[in-house]
Amino acid sequence: QVHLVESGGGFVQPGGSLRLSCAASGSIFSINVMGWYRQAPGKQRELVAVLTSSGSTNYADSVKGRFTISRDNVKNTVYLQMNSLKPEDTAVYSCNADCVVSGWKRYDAWGQGTQVTVSS
């Protein structure tokens, strides 16, 4: 089993910043991709940013230039630095990890989600 624990969500005014963290634990052999997704009320979940173990990144067009994803491979932790936040960034942000676990099995782990609210 793999457990993802997220932190760092909250309430912020437009133009402000937040930093999300997601730590993975469990019987993990390796993590191929870690990333963040979000879901706003009444909308489908969408990709925000992902980062591979080799350092390749992919961002949603709506967050490019404002959000930065990074990871600590030793700590199995991924971060999302969110700057210049807009009201449309309001959503539940969930962490995802594509893992290889004991027995060389693939495991797709999800965190419980953390609320980010951007409002004046």
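1. The protein has a radius of gyration of 14 Å, taken over C-alpha atoms, and this agrees with the value near 14 Å that a compact globule of 120 residues would have, the globule rule being 2.2 Å times the number of residues to the power 0.38. Along the principal axes, the C-alpha atoms fill a box of roughly 50 × 25 × 25 Å.

2. A word on the basis of these values: this is a predicted model, in which local features need pLDDT of at least 70 and side-chain atom pairs count only at pLDDT 80 or more, while totals for chains, interfaces and linings use all residues. Residues are numbered from 1 along each chain as its sequence is written, and side-chain values use heavy atoms, with hydrogens and water left out.

3. The secondary structure consists of eleven strands and zero helices, where strands are DSSP runs of E with at least two residues and helices are runs of H or I with at least four, numbered from the N terminus. Of the contacts in the protein with a separation of 6 or more, 54% are between residues 24 or more positions apart, a contact meaning heavy atoms within 4.5 Å.

4. Buried residues, those under 20% relative accessible area with a 1.4 Å probe and protein chains only, make up 42% of the 120 residues. The protein exposes about 6400 Å², of which carbon and sulfur atoms supply 48%, the areas coming from the Shrake-Rupley method with a 1.4 Å probe.

5. Arg-71, in strand S7 (residues 67-72), deserves a separate look. Arg-71 is buried yet has no salt bridge, and the nearest side chain of opposite charge, that of Asp-72, is 8.2 Å away; a salt bridge would need a side-chain nitrogen of Lys or Arg within 4 Å of a carboxyl oxygen of Asp or Glu. The side chain of Arg-71 does reach the backbone oxygen of Ile-31 at 3.0 Å, and a polar contact (a donor and an acceptor, N or O, within 3.5 Å) of 2.6 Å joins the side chains of Arg-71 and Asn-73. Not counting residues up to four places away in sequence, Arg-71 touches residues including Met-34, Leu-51 and Tyr-79.

6. Asn-83 lies in the loop between strand S8 (77-82) and strand S9 (91-101). Because its relative accessibility is 29%, Asn-83 counts as partly exposed, the class between buried and exposed, the latter being over 50%. Leaving aside neighbours within four places in sequence, Asn-83 is in contact with Gly-16, Ser-17, Arg-66 and Phe-67. Asn-83 and Val-63, 20 residues apart in sequence, are 9.2 Å apart in space, C-alpha to C-alpha.

Methods:
Lys and Arg count as positive and Asp and Glu as negative; His and the chain ends are not counted.
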